[in-house]
Amino acid sequence: MQGIIQQNYQGIEALQIKSIEEGPLTPLSVMIQNKFVLVLPYDWQTESGALTEIRPVQLPIVIGYGFGGIVEQVGRLRHSSLIGQRVIGMQPNGSAQEVINNKIPPLLFKVPDQVTLADATTLIGGADAALHAIKVLEVKSTDTVLVTGASGGVGTYLIQLLKLAGTTVIALASAENQTFVRQLGADSVLNYEADLAAQFSNSRQPNKVIDTVGQQALLQLISASYGSLRILSLSTTHFLPTKPGQDFRFSNGSIGIGGYQHLLQLLATKQIKAYIQATYSFEAVKKAQMIAKNEHSQGRILLTF
Ligand SMILES: NC(=O)c1ccc[n+]([C@@H]2O[C@H](COP(=O)([O-])OP(=O)(O)OC[C@H]3O[C@@H](n4cnc5c(N)ncnc54)[C@H](OP(=O)(O)O)[C@@H]3O)[C@@H](O)[C@H]2O)c1
């Protein structure tokens with residue numbers, strides 16, 4: 001079968017599509033015909049070596065983390081009712097290959113009939129991180145939350161989940177994405193390509209921030225513009241707020257099995273919506289990653305197998 005391989009730290013252009021072994025069916029295996037993988041910052045940051053401290057890997061690796069596919073075979077310790085089911089899951093040792101041999105039962109979820117496999121796949125590395133951030137920050141309906149990176153794979157879910165919680169949302173996006181982010185439900189939208197200091201001083205004061213951009217200069221400006229503030233970042237592990245009454249933390253935890261089932265239910269009942277910017281064949285992985293990295297986002301880009 002074919003897989004997308006990172007051989008070195010020379011970035012997106014050095015990725016290769018190669019023939020790789022499927023691996024044997026073990027008692028714990030679920031063999032899945034892969035249909036979708038996500039194009040995540042996690043991949044191109046690993047490919048450039050930017051994550052070597054927090055994610056040490058032994059090269060070569062198959063890239064990718066989440067997937068959506070159809071179960072073809074199961075080992076004797078896995079439930080036979082899985083055969084033929086549409087599932088999403090996590091494959092920490094690489095998901096960008098035609099067949100997934102999944103051996104970790106808690107990392108596999110059946111997709112409800114009302115939800116497309118592509119939509120369900122976008123929950124991984126998107127809505128899961130958003131839900132976790134909201135829980136860790138103990139967001140309440142009375143809060144006003146500033147969201148950076150509002151148009152991205154995480155941000156599109158953050159806005160929707162915050163609005164479901166009854167929160168007031170101030171979203172930060174490029175000029176191009178102002179209307180898109182307002183349509184997601186944001187109460188007000190600020191433009192990071194215009195004078196942000198002036199916009200912050202004219203906007204309602206948030207009491208919490210969820211940051212998915214991770215730029216020190218942006219966090220410094222936010223910190224300097226407001227009074228007491230709880231800041232949570234999904235993208236940078238370090239930041240020192242400048243004002244008294246402000247705190248900072250990084251988040252990268254898991255939402256557990258119940259969290260994924262909850263998100264799938266929210267999709268099934270149309271309380272949240274998946275935003276898929278584009279879908280490319282896995283053979284076009286370099287183009288897809290370049291677009292995701294360098295152009296404005298409107299949700300998540302997927303690769304299909
Ligand atoms: N810790 C965790 O558990 C966890 C989990 C998932 C993701 N993450 C991290 O979360 C971050 C976001 O992930 P994602 O998948 O949502 O990324 P994404 O889909 O690529 O979105 C990136 C977002 O950043 C915005 N942006 C780009 N340049 C900006 C700038 N100079 N100032 C302000 N905003 C800017 C983009 O806005 P425009 O499109 O409007 O330009 C876009 O909304 C990544 O760093 C990722 O590694 C962490």
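Pro-60 sits in the loop between helix 1 and strand 4 (61–62); helices (H or I, at least four residues) and strands (E, at least two) are DSSP runs, numbered from the N terminus. Another loop, the one between helix 3 and strand 9 (144–147), holds Glu-138. Glu-138 isn't a glycine, yet its phi is positive, at about 50°. For context, most residues other than glycine have a negative phi, and most peptide bonds are trans.

This is a predicted model, where local features need pLDDT of at least 70 and side-chain atom pairs count only at pLDDT 80 or more, while totals for chains, interfaces and linings use all residues. Residues are numbered from 1 along each chain as its sequence is written, and side-chain values use heavy atoms, with hydrogens and water left out.

## Two domains

The chain splits into domain 1 (2–122 + 274–304) and domain 2 (127–250), with bounds from an automatic or database domain assignment. Their C-alpha centres are 28 Å apart. On the contact side (heavy atoms within 4.5 Å), domain 1 puts in 9 residues and domain 2 puts in 15.

Together they bury about 980 Å², and carbon and sulfur atoms give 51% of that. Buried area here is the accessible area (1.4 Å probe) that two parts lose on being put together, summed over both. Within domain 1's share, Tyr-275, His-296 and Gln-298 supply 54%, more than any other three residues.

## The ligand between them

Both domain 1 and domain 2 give residues to the shell around the ligand, so the ligand lies between them. There are 23 residues around the ligand, and Ser-151, Ser-174, Tyr-192, His-296 and Ser-297 come nearest; a residue counts as near if one of its heavy atoms lies within 4 Å. By class, the shell has 7 nonpolar, 15 polar and 1 charged residues, where Ala, Val, Leu, Ile, Met, Phe, Trp, Tyr, Cys and Pro are nonpolar, Asp, Glu, Lys and Arg charged, and the others, Gly among them, polar.

Now for the ligand's oxygen atoms. One is 2.6 Å from an N or O atom in the Tyr-192 side chain, and a polar side-chain atom of His-296 lies 2.6 Å from a ligand oxygen.

Conventions. Polar contact = N/O pair within 3.5 Å; in protein donor to acceptor, adjacent residues only side chain to side chain.
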